[in-house]
Every structure is written in C-alpha cells, then in structure tokens.
Amino acid sequence: MATGRTHRPATRSRGIPEATVARLPLYLRALTALSERSVPTVSSEELAAAAGVNSAKLRKDFSYLGSYGTRGVGYDVEYLVYQISRELGLTQDWPVVIVGIGNLGAALANYGGFASRGFRVAALIDADPNMAGTPVAGMPVQHTDELEKIIKDNGVSIGVISTPAGAAQQVCERLVAAGVTSILNFAPTVLSVPDGVDVRKVDLSIELQILAFHEQRKAGEEATAEGDVPPADAKQQRKGPDGDIPAVMPA
C-alpha cells in the first residue's frame with residue numbers, strides 16, 4: 001500500500017477551493033452512511049441535507065470533481081465514495097504521529113475512526129520519561145528524544161499535537177524539521193510554520209464559546225418575543241459621566 005510520503009492529494013493542482021475541500025469530508029461521511037445502508041443513489045437535495053449544506057453549493061462543489069450526477073437519477077453513492085476518497089488522498093495509507101499523550105492525546109489514540117478513514121497511528125510520543133513504554137491504545141508511548149527517528153522510519157508526513165500550549169511551538173518546529181508537512185493542532189495556541197506546511201487548528205473552547213454566543217442570542221430573542229424588553233430609559237442608565245454612552249462597557 002502506498003504511504004503518505006510518496007503520494008499527495010491533487011486538490012491544489014486541480015484548483016479546488018479550500019472551502020470545497022473543507023466540505024468534502026462532510027459529503028464523504030454522509031455518503032458512507034448511505035453506503036452502509038446499501039442505498040445505491042442519492043439526489044443532491046438528499047445528500048446536501050445529510051451533509052448540512054444547501055444543494056446548490058453541493059452541486060458546485062461536485063463540479064470541481066467532474067461529477068454532475070444523472071438527471072432524474074441522482075449520484076451513484078459508491079462511485080462518489082471512491083471519488084471523494086481519492087480526492088482527499090484516503091485511498092492510501094497515511095501514517096500519523098500523536099505528540100502529547102495526556103488525557104486528550106490518549107483519547108485521540110483510542111479513537112477508532114482513524115484506521116477506517118485511511119490514517120494509521122504510527123507512534124505515540126510524549127516528553128515525560130515516566131510515560132515511555134506505557135501502553136496506550138495497545139501501543140507503547142515513546143519519548144520525544146526518538147521523534148526524528150520515528151518520523152523518518154515510518155515516513156510520517158502528518159503530525160498531531162496535543163501538548164500543553166507552552167510546548168506546542170517547539171514540538172511543531174521539530175516535526176517540521178523532521179519532514180512533517182501537515183499538522184493537526186489541538187494545543188490552545190497559534191503555531192508559526194514555514195511556507196509549504198499546512199496547519200489545521202482544533203480548539204474546543206472556541207467552539208464552545210461560539211455555541212454560548214448562539215445560546216445567548218436565542219435567549220435574547222425569546223425574551224424579546226415574550227415582551228421582556230429593556231426599559232425606555234436604558235440608554236440614559238448606561239450613559240457615562242460625560243453623558244455619552246461608552247462604546248465598550250467596563251468589565
């Protein structure tokens with residue numbers, strides 16, 4: 001089976017927009033579910049609803065793949081699974097290393113979805129010498145001293161960082177120097193990388209804050225709908241000492 005270092009996806013060379021690339025895994029997840037139920041074909045409307053996008057956007061995305069479906073029939077599910085998997089580079093083996101085997105790193109190591117989606121966890125790496133040799137998800141944790149050798153021996157081009165924020169940049173630099181060109185960052189910090197290195201950041205706290213914003217807005221809309229609106233003199237109550245309303249209220 002081919003390894004991640006010898007082949008790379010063709011999305012950039014074919015001019016597929018990044019926004020479309022970001023939606024391809026959503027389509028693939030929906031299509032895989034249909035395939036598991038032995039559904040032979042699916043309409044753009046049905047697939048778009050399952051993926052959480054509108055059908056016009058889906059058809060535009062698929063036009064970049066050269067797939068327009070058949071009028072009156074829809075899209076062939078199995079063919080699209082293969083086509084999108086190939087475009088994403090999932091028809092080959094991608095060895096991955098996870099650096100930072102704390103609670104989050106251990107949870108990622110135990111995640112069973114990697115193998116079924118074309119990713120093989122090649123190594124688990126941690127800076128704590130007491131962790132060395134400890135089995136996690138059936139694999140012994142290796143010390144960061146071995147990082148460069150592990151990457152070279154396994155042909156790794158994708159690294160996952162789940163370290164504390166203070167250690168993430170140094171780990172990132174070592175991964176890049178060793179040949180890693182794609183990084184999935186779970187550390188709560190922004191990484192600086194050279195051109196040619198792709199970083200995807202996953203920040204659970206930010207996602208929760210966004211959800212909190214929507215919850216607050218929904219609560220405000222409900223209050224307004226129920227007639228619970230601010231009093232007419234609310235603006236006067238918020239005026240500053242000079243009679244103006246501060247642009248930013250003090251904490």
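Is Tyr27 buried or exposed, and what is its relative accessible area? In this predicted model, Tyr27 is buried, with a relative accessible area of 0%. Phe62 is likewise buried at a relative accessible area of 0%, and Tyr75, with 5% relative accessibility, also counts as buried.

These residues take part in ring pairing, for which a pair of aromatic rings is described by the distance of the centres and the angle of the planes. The count of aromatic pairs comes to three. Because Phe62 lies in helix 3 and Tyr75 in strand 2, the pair ties together parts that are 13 residues apart in sequence. Through such ring pairs, Tyr27, Phe62 and Tyr75 are linked into a cluster.

Helix 2, which spans residues 44-51, has Ser44, Leu47, Ala48 and Ala51 as buried residues. Seen down the axis of helix 2, the buried residues fall within an arc of 100°, and they therefore line one face of the helix. These buried residues pack against helix 1 (18-36), strand 1 (41-42), helix 3 (55-63), strand 2 (75-76) and helix 4 (77-87), whereas the face of helix 2 turned away from the buried side carries the exposed residues Ala49 and Ala50. Just after helix 2, Gly52 adopts a positive phi of about 80°.

Technical notes
Residues are numbered from 1 along each chain as its sequence is written. This is a predicted model: local features need pLDDT of at least 70, side-chain atom pairs count only at pLDDT 80 or more; totals for chains, interfaces and linings use all residues. Side-chain values use heavy atoms; hydrogens and water are left out. Buried means under 20% relative accessible area, exposed over 50%, partly exposed in between (1.4 Å probe, protein chains only). Helices (H or I, at least four residues) and strands (E, at least two) are DSSP runs, numbered from the N terminus. The arc is that of the directions from the helix axis to the C-beta atoms. Contact means heavy atoms within 4.5 Å. Rings of Phe, Tyr and Trp (its six-membered ring) pair if their centres lie within 6.5 Å; planes under 30 degrees apart count as stacked, over 60 as edge-to-face and the rest as tilted.
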